[in-house]
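Here's a quick briefing to read alongside the model. Have a look at the chains before going through the points below.

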Amino acid sequence: GRAQVLATLVDTFLEKLVAAGSYQRFANCYRCFYRLQPEMTRSIYDQFISQLQASIKEEIQEIKNEGNLEMLFHSLDKIVEEAKNRQEPAWRPSGIPEEDVRSAIVPYLLKHRSYLQKILKEKEEENRKVAQSVLEGRNKIAELQQLIQARKHAWQ
Amino acid sequence: SVTPMAYETQFFGFTPQTCMLRIYIAFQDYLFETMLVVEGVILKKLRSFPGCEIGALQIRKSTEKFLFFMKDHFDKLFSKMEEMLLQLVLTIPENVLLPEDKVHEQYPYTKDEFQALQDEINRLQQQYRAEASAGQALRAELEEQKVVQAELEKILQCFDGLENICREHGTGNFKESLVFLTQNSKKLQGVLRDVEEKSK
Amino acid sequence: WSYEGTSQAAVLGSKPDYGRVLQEQGEVLSCMRLVLDELQQAATVLQ
């Protein structure tokens, strides 16, 4: 995984850096002191190397904590693993926000559309029932009118 | 950097190059700091050898010589590490799509399709509003019908009332009773005429 | 509101004029009053 690769790369970096800055090289640069105190030189060099390695490892750990890199590396490994069967390049932001935001909004618009279709259908069904009652009411009123006309004609 | 690595930035929350710069500067600082500590320790040791001919300047030159050498290798190694990190760790392969961008795969809407979808939603909203208002109009008519129906029933009750009055006074069917009444009054007139003649 | 395009546009478009329906009943009532007046007159004459 990515976390492992990072650790390996840093370790390799340190190894090579230490190999480049070997004790011979160090003693050679501090030749005058080395002649005076060879043991001391060795111990100072060893401390130098271990301090440098410790500081660099500490820094990497701090960066991982700050950036939450362990979790991010782990989830990116998973995402990459899931996409392993896919060859073609995936979508990338176009750099034009209004273009990209469109697709992000589409699921909501589709949900909104189906909601509107649903409530419209319900409202139409509801109105069909009310219209049914209205028509019945109109028929009732027409009957009453006829009744009244009939009674009036009877009287007349 | 030529490639802004925007997609990686979206995922990590920082640009990979910034991260590398941060690591470089930190490592470099440590190298310098540790070198200064080494130089400090050596100078301190030298002070404990009285009459020693090695001066601070000489030590400083040694330090610079070693540091120059280390820095040169440090930069070479670091750029190698940076290249590997940017390639293997802080990068998102081309074929990978981040979960939050799945929508772009599922809904690759063109501008026109998007507009059509929005138009359809606007139309549905209009239609729903019209339907809701039609529902209100229908319910208002139901209320109106109740009033009209009540009025008409009142009129029918008037008729019923009239006919009940007639029935109560023995005239079930007004017309017949009127005819009956008229006949009776004609008879009555006849009788009245007879009586008058006889009395003359 | 134009109910054009709504599911019950036909029903809403054919709404009777309830005002006129009630007005017509006014005519019924005045006609009835006429009939009753005539009846009353007839009854008076008969009486």
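Going from the N terminus, chain B reads α-α-α-α-α-α, which makes six helices and zero strands; helices here are DSSP runs of H or I with at least four residues, strands are E runs of at least two, and both are numbered from the N terminus. This is a predicted model, where local features need pLDDT of at least 70, side-chain atom pairs count only at pLDDT 80 or more, and totals for chains, interfaces and linings use all residues. Residues are numbered from 1 along each chain as its sequence is written, chains are lettered from A and ligands numbered from 1 in the order in which they are written, and side-chain values use heavy atoms, with hydrogens and water left out.

**Chain B overall**

- Chain B has a radius of gyration of 57 Å, well over the 16 Å that the globule rule gives for 200 residues, so chain B is more spread out than a compact globule. (The radius is taken over C-alpha atoms, and the rule is 2.2 Å times the number of residues to the power 0.38.)
- The C-alpha trace of chain B spans about 190 × 45 × 20 Å along its principal axes.
- Of the 200 residues in chain B, 36% are buried, meaning under 20% relative accessible area with a 1.4 Å probe, protein chains only.
- Take the contacts (heavy atoms within 4.5 Å) in chain B between residues at least 6 apart in sequence: 69% of them join residues at least 24 apart.

**Where chain C meets chain B**

- Chain C puts 20 residues into the contact and chain B puts in 22.
- About 1900 Å² is buried between the two chains, with carbon and sulfur atoms giving 78%; that's the accessible area (1.4 Å probe) lost on putting the two parts together, summed over both.
- The rule finds one salt bridge across this interface, i.e. a side-chain nitrogen of Lys or Arg within 4 Å of a carboxyl oxygen of Asp or Glu.
- C:K15 pairs with B:E144 in a salt bridge, with the closest N and O atoms 2.6 Å apart.
- On the side of chain C that touches chain B, α1 (9-13) and α2 (18-46) of chain C each supply at least two residues.
- The most comes from α2(C), with 10 residues.

- You'll find A:N127 in helix α6 (residues 97-155) of chain A.
- A:N127 counts as buried because its relative accessibility is 0%.
- Leaving out residues up to four places away in sequence, A:N127 touches B:E131, B:A134, B:G135, B:L138, B:R139, C:S7 and C:Q8.

Methods. Buried means under 20% relative accessible area, exposed over 50%, partly exposed in between (1.4 Å probe, protein chains only).
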